[in-house]
Amino acid sequence: MKIKEIQDIINFIKKTDLDDVSIETENYKIRVKKNDTSITQIKGKKEKDNKDKTESDFEQEMVTQHYGLVVHQALNFVINKQDLDDYIQSGLIGLLKAIRNYNPDRSKFSTFATVCIRNEILKYAKKQKRQKRKRRVSMKRGISSRRNA
């Protein structure tokens with residue numbers, strides 16, 4: 001079952017007037033309450049006991065599915081190929097923030113993720129630009145102070 005299908009199921013359940021719903025598919029057990037949603041992955045009809053592991057598995061699956069989106073956004077900002085890995089890394093941070101803060105009632109996930117990824121890459125690019133400017137300024141001050149001495 002794909003993440004999109006799971007999100008569609010959750011959205012459908014939230015639109016109904018039911019207070020507490022549990023659905024079990026072949027790989028996942030989904031429980032939706034009014035203010036809480038839990039997704040548990042099932043392996044061999046046994047549920048994983050640790051909820052953190054299921055959330056990290058879910059995040060890992062989402063990162064794998066949307067990695068191309070991160071690379072596409074990073075390529076829009078890259079000037080030289082050496083910086084591509086850094087931009088992808090900052091884009092992945094944005095993707096993780098998108099996964100953790102996504103609200104299915106407001107927009108599609110890919111739209112929300114694109115904005116989060118782009119913002120994180122922009123933040124990284126601005127930080128890099130500031131650091132280069134600081135280095136340049138300190139070099140000029142060092143040279144000018146030698147001339148005056």
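How many aromatic pairs does a search of the whole structure find? The search finds three; rings of Phe, Tyr and Trp (its six-membered ring) pair if their centres lie within 6.5 Å, with planes under 30 degrees apart counted as stacked, over 60 as edge-to-face and the rest as tilted.

Select Y87 and Y124. Their rings form an edge-to-face pair, 5.4 Å centre to centre with 85° between the planes. The pair links distant parts of the chain, 37 residues apart: Y87 is in helix α4 (residues 84–101) and Y124 in helix α5 (residues 109–148). Y87 has a relative accessible area of 9% and is therefore buried (buried means under 20% relative accessible area, exposed over 50%, partly exposed in between, with a 1.4 Å probe and protein chains only).

A note on the model before the next stop. This is a predicted model, in which local features need pLDDT of at least 70 and side-chain atom pairs count only at pLDDT 80 or more, while totals for chains, interfaces and linings use all residues. Residues are numbered from 1 along each chain as its sequence is written, and side-chain values use heavy atoms, with hydrogens and water left out.

Next, select Y102 and F109. Why is this pair edge-to-face? The ring centres are 5.2 Å apart and the planes stand at 90°, so the pair falls in that class. Both Y102 and F109 are buried.

Now zoom out and colour by secondary structure. The protein chain has five helices and four strands, in the order α-β-β-β-β-α-α-α-α from the N terminus. Helices (H or I, at least four residues) and strands (E, at least two) are DSSP runs, numbered from the N terminus. Of the 149 residues in the protein chain, 29% are buried.

Select V63 in helix α2 (residues 51–65). Is V63 buried or exposed? V63 counts as buried because its relative accessibility is 17%.

For the last stop, select K129, which lies in helix α5. K129 counts as exposed because its relative accessibility is 56%.
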